[in-house]
Amino acid sequence: MVKELVASQKKFFLQNLGTSTQYRKKALLNLQSAIYKYEQEILDALHKDLGKDPTEGYMSEIMRVLQELNHTLKILAHYTKPQTVKTPFTHFMGKSQIYYDPYGVVLIISPWNYPFSLCLSPLIGAIAAGNCVILKPSEYAPHTQAIITKIIQEIFDPSFVCVVCGDGEITQQLLQEKPDYVFFTGSTQVGKIIASACAPNLIPYTLELGGKNPCIIDKSADLALSARRIVWGKFFNAGQTCVAPDFILIHCSIKDKFLKLIQEEINRAFSATPLETIGTIISPTHFQRAIKFLESPHSLGKVYGGQNKNQKIEPTLIDFGSLSHTQALQLPLMQEEIFAPILPIFTYEEIQQCIQFILAFEKPLALYLFSQNKPIQDQILSSLSFGGGCINDCIMHITNPHLPFGGVGNSGIGSYHGKYSIETFCHKKSIYKSPKWELPLRYRPYTHFLGISKLKWLYFLTRYLKL
Ligand code: NAD
């Protein structure tokens, strides 16, 4: 079945049926209408899969996709015609152009934590770029998978866009059929499996992975605002967000004040019933993994919160004080992405110590710095490599379609959103259109007309005249 599906999409692509601007635009508009039509069903599915509050569901899944759609519809035309770029003087009278060439059949593999938006956001870029698409949603969010399938079946010819449901096994079968591009969002561990499956056929790919995202709070930070924004960013979707703050590094002089403020903010945001208002951990296995972090010996840290039942964990803080990065690395919850509403807190005395702490971990997907001090901001931005982040906020960088979103090193390869999505899903084909007329400087015999000295003279002339 998988074999026939990929073959029919390759045929559709080669017949050039989906690549006109009109076809792409119509496809995106159909998707937009279907999302409006099925809004309630999408929110219900997200609630069933992840206990998502409808406002959180709308904000992070439906609105995100609609914003991406609107933005892409505005920029689409630009990428459907060749872009003329400068041509050097040495190519006198020639013309140079970039053609945004769709790859062909794109396989999009998505995770369960934002099961709707992380499946459909890359789809928008892939369609806008002129590709056919096979979507492989996460099997851990079955209700969302079902509504995605219903929408896609209703609006698209399966030779253009279709959904394949299943686990890693079916994904491996799809990869064997040599899609022309693979876009994967998920864990670093599975990302490596995807990269090795692509390697034998040199299939190009984007990997959108996870990581442990540090959140630094410097002495100069507005503490009440930091507490409010961190509580929002960390406990959104019950901490199951790839760009959520994973741990806090705070200056030792302000920790006690911050602990008081963040607890007040948790009480304000989740009222007296956090176990009812917070989202659900996706599966019993994921829940067991997360509560192990609470059960492990915490003689080294003081726990605030920690109650849990029915796959829910209340917003929890663990104060580890001045533990060094070497000691921190021994803690089970610092050896992998936490991905649950548990927030460890460590203190530092000097900013350099904080930088050393972060350097002990792999390059994160995001980093957040709360500081009003410009030199500290500059020092952090220039000393550390990470996917992206915010100064005095959390998560908001990924909601701007003008910014590319992606990781670096262990947190990913490549980026997307807005124009970066379209560029990701296209090969940039460089074309030089040569005129008939030319200065015959490049042909043999070289001594006949030019020679090295005249070549040097030409080079310096073009440099001097900035041609
Ligand atoms: P996962 O890696 O377990 O699964 C992701 C997808 O890969 C699923 O569709 C799954 O069916 C498929 N898959 C699983 N095993 C496979 C295999 N052996 N071969 C081929 N495909 C396989 O990730 P998850 O648990 O669904 O999601 C959580 C992870 O995703 C976290 O690490 C999180 O940080 C990361 N994430 C990253 C981003 C980002 O944009 N960078 C966004 C959300 C989540």
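This is a predicted model: local features need pLDDT of at least 70, side-chain atom pairs count only at pLDDT 80 or more; totals for chains, interfaces and linings use all residues.
**Notebook: ligand site and a helix pair**

I started with the ligand: 29 residues are around it, and Ser110, Glu139, Ser187, Leu209 and Glu337 come nearest.

For glutamate 337, I get 2.4 Å between an N or O atom of its side chain and an oxygen atom of the ligand. Glutamate 337 is also on my list of residues that come nearest. Tryptophan 112 puts a polar side-chain atom 2.8 Å from a ligand oxygen atom. For lysine 136, I also wrote down 2.8 Å, again from a polar side-chain atom to an oxygen atom of the ligand.

On its own it has 850 Å² of accessible area, and the protein covers 88% of that.

I moved on to helices H4 (residues 54–79) and H5 (residues 117–128). How do their axes sit? They come within 9 Å and cross at roughly 10°. Angles under 35 degrees count as roughly parallel, so I put H4 down as roughly parallel to H5.

Which residues meet there? From H4 I have Ser60, Glu61, Arg64, Val65, Glu68, Leu69, Thr72 and Leu76. They meet Ser117, Leu120, Ser121, Ile124 and Ala128 in H5. Sorting the H4–H5 contact by class, I get six nonpolar, four polar and three charged residues.

Notes
Residues are numbered from 1 along each chain as its sequence is written. Side-chain values use heavy atoms; hydrogens and water are left out. Axes are lines fitted to C-alpha atoms, for helices over the stretch in contact, and angles run from 0 to 180 degrees between N-to-C directions. Helices (H or I, at least four residues) and strands (E, at least two) are DSSP runs, numbered from the N terminus. Angles under 35 degrees count as roughly parallel, over 145 as roughly antiparallel, 65 to 115 as roughly perpendicular and the rest as oblique. Contact means heavy atoms within 4.5 Å. Ala, Val, Leu, Ile, Met, Phe, Trp, Tyr, Cys and Pro count as nonpolar, Asp, Glu, Lys and Arg as charged, and the others, Gly among them, as polar. A residue is near a molecule or strand if one of its heavy atoms lies within 4 Å of it. A polar contact is a pair of N or O atoms within 3.5 Å; within protein, one must be able to donate a hydrogen and the other to accept it, and residues adjacent in sequence count only if both atoms are side-chain atoms. Accessible areas come from the Shrake-Rupley method with a 1.4 Å probe; for residues, only the protein chains shown count as cover.
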